[in-house]
Structure formats: structure tokens, C-alpha cells
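Welcome! Please take a moment to turn the model around on your screen before reading on.

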Amino acid sequence: METTGQAKTTAIVAYITIIGTIIAYFMNLEPKDRFASFHIRQAFGINITFYLIGALMGLFDQGFIVGAFYLCFIVLWGYGLVMAIKGEEREVPILGPLFQKWFSTIS
């Protein structure tokens, strides 16, 4: 499937913080694009996971635990961003299929 320039731009914007995800959602309202929607769901899931687990990390005072969390987040975020740039619909490892299922109403 050929990815349009607008869909690709919207998908990339989705990975620029939670604000970018919200902007991408509104960019994709009319006309809706399947590729952009896919990456908006992935980016939204990554951001929500970051904030939820980040709140739990506040309970730990161990640098290696917090460091491992940030490393995991950066890998997921980077993978999603690279797939958007390449124009591919590939889910982020482990959580990607869940993000597509949980946020299926985001289209």
C-alpha cells in the first residue's frame, strides 16, 4: 500500500510527545488515513505507558530501575518513529498489538 506524504507527516508528528499525538489525531480527522491512524494508536499507547509507568517509577529511588525504564521507552518510541518515517505499519515490540486493540476507537 502506498503511503501519502500527508499520512506520513501525520504519523511522524504523532511521535512528538503527547501533544504531537493530539495534533496528529486532529490532522487525521478529514480525510482519515489508515496508516496515520495506525501510528497515532501506537504513539498514544507509548505515551500513556510512559506516564503510567513513570508514575510508578516515582516509588523507586534506584537509578538502574529508572534507567532501564527510560531505555525501554526510548527503544519503543524510536522504533515507532523509524517505522513512521519509513512508511511501514509495524507494531512496536510486545505492546504494539495491545495498543492497536485497546485504542481501536482512535481512527
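Predicted model: local features only at pLDDT ≥ 70, side-chain atom pairs only at ≥ 80, totals over all residues.

**Two helices side by side**

Let us begin with helix 1, which covers residues 5–14, and helix 3, which covers residues 34–57. Their axes lie 8 Å apart and the packing angle is about 0°. An angle under 35 degrees counts as roughly parallel, so helix 1 and helix 3 are roughly parallel to each other. On the helix 1 side, the contact is made by Ala-7, Lys-8, Thr-10, Ala-11 and Ala-14. Helix 3 meets them with Phe-35, Ala-36, His-39, Ile-40, Ala-43 and Asn-47. Sorted by class, this contact of helix 1 with helix 3 has seven nonpolar residues, three polar ones and one charged one.

**The nonpolar core**

In soluble globular proteins, nonpolar side chains tend to be buried together. Here, the largest nonpolar core has 21 residues. Those with the most contacts inside the core are Ala-14, Tyr-15, Ala-24, Ile-40, Ile-46, Val-92 and Phe-99. At least two core residues come from each of helix 1, helix 3 and helix 4 (63–86). Which helix gives the most to this core? Helix 3 does, with six residues.

Not counting residues up to four places away in sequence, Ile-46 touches Tyr-15, Phe-73, Leu-76, Trp-77, Val-92 and Phe-99.

**Aromatic rings**

The structure holds 10 aromatic pairs. One of them joins Phe-50 and Phe-69, and the two rings are stacked. This pair links distant parts of the chain, as its partners are 19 residues apart. Here are its details:

| Feature of the pair | Phe-50 and Phe-69 |
|---|---|
| Ring distance | Phe-50 to Phe-69, 5.6 Å centre to centre |
| Ring planes | Phe-50 and Phe-69, 15° between the planes |

Are Phe-50 and Phe-69 buried or exposed? Both are buried. They also belong to one aromatic cluster, formed by Phe-50, Tyr-51, Phe-69, Tyr-70 and Phe-73.

**A closer look at Thr-49**

Thr-49 has its place in helix 3. Why does Thr-49 count as buried? Its relative accessibility is 19%, and buried means under 20%, so Thr-49 falls within that class. Leaving aside its neighbours within four places in sequence, Thr-49 is in contact with Gly-54, Leu-95 and Phe-99.

Methods: Residues numbered from 1 in each chain as written. Heavy atoms only, no water. Axes fitted to C-alpha atoms, helices over the stretch in contact; angles between N-to-C directions. Helix = DSSP H or I, 4+ residues; strand = E, 2+ residues; numbered from the N terminus. Parallel < 35°, antiparallel > 145°, perpendicular 65-115°, else oblique. Contact = heavy atoms within 4.5 Å. Nonpolar A, V, L, I, M, F, W, Y, C, P; charged D, E, K, R; others polar. Core = buried A, V, L, I, M, F, W, Y, C linked by side-chain atoms within 4.5 Å. Buried < 20%, exposed > 50% of the residue type's maximum accessible area, 1.4 Å probe, protein only. Phe/Tyr/Trp six-rings, centres within 6.5 Å; stacked < 30°, edge-to-face > 60°.
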